[in-house]
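I opened the file today to look up a few points of the fold. My notes are in the order in which I checked them.

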Amino acid sequence: MDYSSLVNRQLQGLKPSGIRKFFDIANEMDHVISLSIGEPDFTTPWHVRQEGIESLRRGHTWYSPNRGFAELRSQICNYYARRFHVEYNPEDEVLVSVGGSEAIDLCIRAIVNPGDEVLIPQPAFVCYEPMTLMAGGVPVIIETKSENGFRLTAQELEAAITPKTKLLILPFPNNPTGAVMRREHLEEIAKVLEKHQILVLSDEIYGELTYGKERHVSFADIPHMKERTIVVSGFSKAYAMTGWRLGYALGPEPVITQMLKLHQYAIMSAPTTAQYAAIEALKHGDSDIERMREEYDMRRRLIVDEFCRMGLTCFEPEGAFYVFPSIQIAGLSSEEFCEKLLYAQHVAIVPGPAFGDCGEGFARVSYSYSLKHIQEALVRIERFVSEQ
């Protein structure tokens, strides 16, 4: 049987995730410290877990409505109004999904026709480009620069727009760089978009993890942008609920309606138990967010200071839980640096090109791990760098 002639050609051409490559190798080795996966080391808060358990005890094990439970949709809208000052109608402007990744996929497939161009600032999370390709779209990469804090500039955006541009992806706070677009930066982007018929997918999964006095600003909160923006977020990062697989999309009713069709046919509904737990998280979880954010902030400052001290020049991240140091001092490519570090010192991090070609010369290091693990990893990394 010639499977290569039977399996989807577009899918065969996609590369496996560069994040998982090093994670999988590390799993086969002993005594490895992995700083490669963006997963909180915190356990889901007990009051949230308890609500999930109680839902099972009450026998709530059936399908939910396709859009998600009405109470959860209301709480999501209340949360976005309370935390980010953007109001949505829970009846037709919100969709509960299986993680934020499904919401991203639904959004891209609902908007993009074959040949439509999708603007993707990179470095960025690994899913945007392959999802665009699988939808028949054309990824147009905008390379952000360290000297601009890895933010998308209005000039870069304007230069990338063509008559075929359909969608802009705004991946901020950013994975892998930790870059944040503050209100003044978003307003400059909005001025460009006002001149064009372009929709925006604003991936705000790390919206609660910003540092300093300024809170996250949703792109939908910028004047005249809500009508063209689909916000994607979820519970994995802010509430340490990665394994519950629950996300959501907020946006204009005509787009959410089309996303719902795809969701109905491909998934049907998000996990019932997870939805009950998420209701509890939204109602009573604000203090959990702050507790975890303060801990991440302490780790962030430690790891940035240590990298800079050992010569790995490091842009100071203002969001998420990643640092993106330059590894050029070692005289190695990103892939070589990460592979040699893994085998020599048993520390797993991710090469920058896993997040786009412009990530060459950098590596992503997650600080969503315990302080003990981070401190030991820093000792090993410094030992490795000194030997190069």
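**Model.** I am working from a predicted model.

**Sheet.** I started with the strand order. I found an open sheet of seven strands, ordered E2-E8-E7-E6-E5-E3-E4. Its pairing is mixed. Which strands stand at the edges? They are E2 (94-97) and E4 (138-143). Each has a single partner strand, so one side of each lacks a neighbour in the sheet. I also looked up the twist, which averages 20° from one strand to the next.

**E6 and E7.** Strand E6 covers residues 199-203 and strand E7 covers residues 229-234. The two run parallel, and four bridges join them. I looked up the partner of Asp203 in E7 and found Val232.

**Cis peptides.** Next I went through omega. The bond between Gln122 and Pro123 is cis, with omega about 10°. I placed Pro123 in the loop that links strand E3 (117-122) to helix H6 (128-134). A cis bond also runs from Phe172 to Pro173, where omega is near -5°. Pro173 sits in the loop between strand E5 (165-170) and helix H8 (183-193).

**Positive phi.** I looked for positive phi in residues other than glycine. Phe150 has a phi of about 55°. I found Phe150 in the loop between E4 and helix H7 (154-160). Is Phe150 buried or exposed? Its relative accessible area is 3%. The cut-off for buried is under 20%, so Phe150 is buried.

Arg245 also went on the list, with phi near 50°. Its loop lies between E7 and strand E8 (247-250). The relative accessible area of Arg245 is 33%, so I noted this residue as partly exposed.

**H5 and H9.** I turned to helix packing. Two packed helices are described by the angle between their axes and the distance between the axes. I took helix H5 (residues 99-111) and helix H9 (residues 253-266). Their axes come within 9 Å and cross at roughly 110°. Angles of 65 to 115 degrees count as roughly perpendicular, and H5 and H9 are therefore roughly perpendicular to each other. The crossing is right-handed.

Which residues of H5 meet H9? I listed Glu102, Ala103, Leu106, Cys107, Arg109, Ala110 and Ile111. On the H9 side I listed Val255, Gln258, Met259, Leu262 and His263. By class, the contact of H5 with H9 holds eight nonpolar, two polar and two charged residues.

**H11 and H13.** My last pair was helix H11 (residues 286-309) with helix H13 (residues 371-386). The axes come within 11 Å and cross at roughly 5°. Angles under 35 degrees count as roughly parallel, and H11 and H13 are therefore roughly parallel to each other.

From H11, the contact uses Met298, Arg299, Leu302, Ile303, Glu306, Phe307 and Arg309. From H13, Leu371, Ile374, Gln375, Leu378, Ile381 and Glu382 take part. How do the residues of this contact divide by class? I noted eight nonpolar, one polar and four charged for H11 with H13.

Terms used
Residues are numbered from 1 along each chain as its sequence is written. This is a predicted model: local features need pLDDT of at least 70, side-chain atom pairs count only at pLDDT 80 or more; totals for chains, interfaces and linings use all residues. Side-chain values use heavy atoms; hydrogens and water are left out. Axes are lines fitted to C-alpha atoms, for helices over the stretch in contact, and angles run from 0 to 180 degrees between N-to-C directions. Angles under 35 degrees count as roughly parallel, over 145 as roughly antiparallel, 65 to 115 as roughly perpendicular and the rest as oblique. A crossing is left-handed if the near helix is turned anticlockwise from the far one by less than a right angle, and right-handed if clockwise. Contact means heavy atoms within 4.5 Å. Ala, Val, Leu, Ile, Met, Phe, Trp, Tyr, Cys and Pro count as nonpolar, Asp, Glu, Lys and Arg as charged, and the others, Gly among them, as polar. Two strands pair if DSSP finds at least two bridges between them. Buried means under 20% relative accessible area, exposed over 50%, partly exposed in between (1.4 Å probe, protein chains only).
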